[in-house]
Amino acid sequence: MIQINAHYLKLKASYLFSEIAKRVEAYQQQHPDAPVIRLGIGDVTRALPDACIHAFHQAIDEMAEDRSFRGYGPEEGYAFLREAIAENDFKARGADIGADEIFVSDGAKCDTGNIQEIFDINTRIAIPDPVYPAYLDTNVMAGRTGAYHDGRYEGIVYLNGNAENGFIPDLPAEPVDLIYLCFPNNPTGATITKDQLKQWVDYAAANKAIILFDAAYEAFIRDDSLPHSIYEIDGARDVAIEFRSFSKTAGFTGTRCAYTVVPKSLMAYTATGEAHSVHGLWNRRHSTKFNGVSYPVQRAAEAVYSTAGKAQMQELVNYYMENAALIRKEMQALGHTLIGGENSPYIWVATGADSWSFFDMLLENAGVVCTPGAGFGTCGEGYIRISAFNSHENVTAAMSRIRQALKS
Ligand code: MLT
């Protein structure tokens, strides 16, 4: 008799954003004429930058001719893209990362979800709460947790984020081996300073632990003193893996391109203490299970680093950040305390009410979709996340509808 992976039964029935999509669909079926404004999942709404579209078209034309056609590419990504990434995202910021330490992929969700495979099943995992749900769910699927009670899985060290610590968790009180961090944070929009991040790097070095640093939202940082990459911190090359994405910065949510940095100096150990290169393990995993991102998509991603591409990407980011400023202003004027939206496209708003009820109320009374904080963990209860990814017109309309709904 074929048996299932019983760890899947520990998961909540559906992934957070699928649950939201279901509720929105049910609402739309009941109210087919009520236009819904989506400020829930962080999905971009503006077209790809012209520079990317131009490069995309050119690459497709190359695929149309036998002489310039390309079949399988290198699994880890074409050198032209990896070199552009190393130069612009790291060397230009003083971070010592080489092109051969970069693995191009089709998404940071896939990479942050898959990376746990290369570590032992008994790895002690520290996960923030609230958190992007894919980090936790993929460890549950792998069998690293016990049962789920009261909103938490046995076997995970939760790092609490709350109003008191500004949603920057304290270092774990007990020893851990693998630590997930995301800054600028999804869902809270909180940011970490270089000094604060240095404490995590030092902790990891002292404990032979590894930090999985999700920097998918770094392009939204406005405050120049904040780190865009963990590799701006001394010693991070030996303790951290970093995840980046073109999804939010250059509008690639539907186009799919991201990358993961695994420095060659990063080590993990066998039970007897023998050191192995994590880069080698990830390379083995990536080349076995992945055949690379398509050539036209990689050419489109490369164009983000051209002079025109950089300016166009900045314009996209600025556009969404104007929405973020409006959302902050309006929600504050309605008396809500909040964080985020200054160096991040997410605004984390205290609701003073149960977060799923607040979500349902906004959907029902304003036709606006947000994300309930409880979907990101127990510490998210009492909050909602509002995403700045939409048009100015829709965000302005959403804020006016929320104002009406909350005042009535
Ligand atoms: C989010 O809304 O948290 C993200 O868009 C989801 C994702 O990137 O997978």
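Strand β9 (residues 240-245) and β10 pair in the antiparallel sense over four bridges; strands count as paired if DSSP finds at least two bridges between them. Helices (H or I, at least four residues) and strands (E, at least two) are DSSP runs, numbered from the N terminus. The model is a predicted one, in which local features need pLDDT of at least 70 and side-chain atom pairs count only at pLDDT 80 or more, while totals for chains, interfaces and linings use all residues. Residue numbers start from 1 along each chain as its sequence is written.

On its other pairing, β10 is joined by four bridges to strand β2 (residues 102-105), and these two run antiparallel. Tyr259 is a handy landmark here: Arg244 has Tyr259 of β10 as its bridge partner, and Val104 stands opposite Tyr259. Within β10 (residues 258-261), Ala258 and Thr260 point one way, Tyr259 and Val261 point the other way, and all are buried. A residue is called buried if 20 or more other C-beta atoms lie within 10 Å of its own, exposed if 12 or fewer, and partly exposed in between, with C-beta atoms placed from the backbone. In a regular strand the side chains alternate between the two faces of the sheet.

Because five of the five residues of β7 are buried, the strand is largely enclosed by the rest of the structure.

Turning to the domains, the assignment for this protein gives domain 1 (6-47 + 308-407) and domain 2 (53-306); such bounds come from an automatic or database domain assignment. The C-alpha centres of domain 1 and domain 2 lie 24 Å apart. Between them, 37 residues of domain 1 are in contact with 41 residues of domain 2, where contact means that the C-beta atoms, placed from the backbone, lie within 7 Å. On the side of domain 1 that touches domain 2, the elements giving two or more residues are α10 (307-333), β13 and β14. The largest share, seven residues, comes from α10. By class, this side of domain 1 has 18 nonpolar, 13 polar and six charged residues. Here Ala, Val, Leu, Ile, Met, Phe, Trp, Tyr, Cys and Pro count as nonpolar, Asp, Glu, Lys and Arg as charged, and the others, Gly among them, as polar.

Strands β13 and β14 also belong to an open sheet of four strands, in the order β13-β14-β17-β16, with antiparallel pairing. Its edge strands are β13 (338-340) and β16 (371-372), each of which pairs on one side only. Three bridges connect β13 with β14 (residues 346-350) in the antiparallel sense, and Leu338 has Val349 of β14 as its bridge partner.

Leaving aside neighbours within four places in sequence, Asp43 is in contact with Thr253 and Phe389. Asp43 and Gly254 are 211 residues apart along the chain, yet their C-alpha atoms are separated by 8.9 Å.

Another loop residue, Val293, is found between α8 (278-289) and α9 (295-302). Val293 counts as buried because it has 24 C-beta neighbours inside 10 Å. Beyond its neighbours within four places in sequence, its contacts include Gly77, Val104, Arg256 and Cys257. Val293 and Gly77 are 216 residues apart in sequence and 6.9 Å apart in space, C-alpha to C-alpha.

Conventions:
Two residues are in contact if their C-beta atoms, placed from the backbone, lie within 7 Å.
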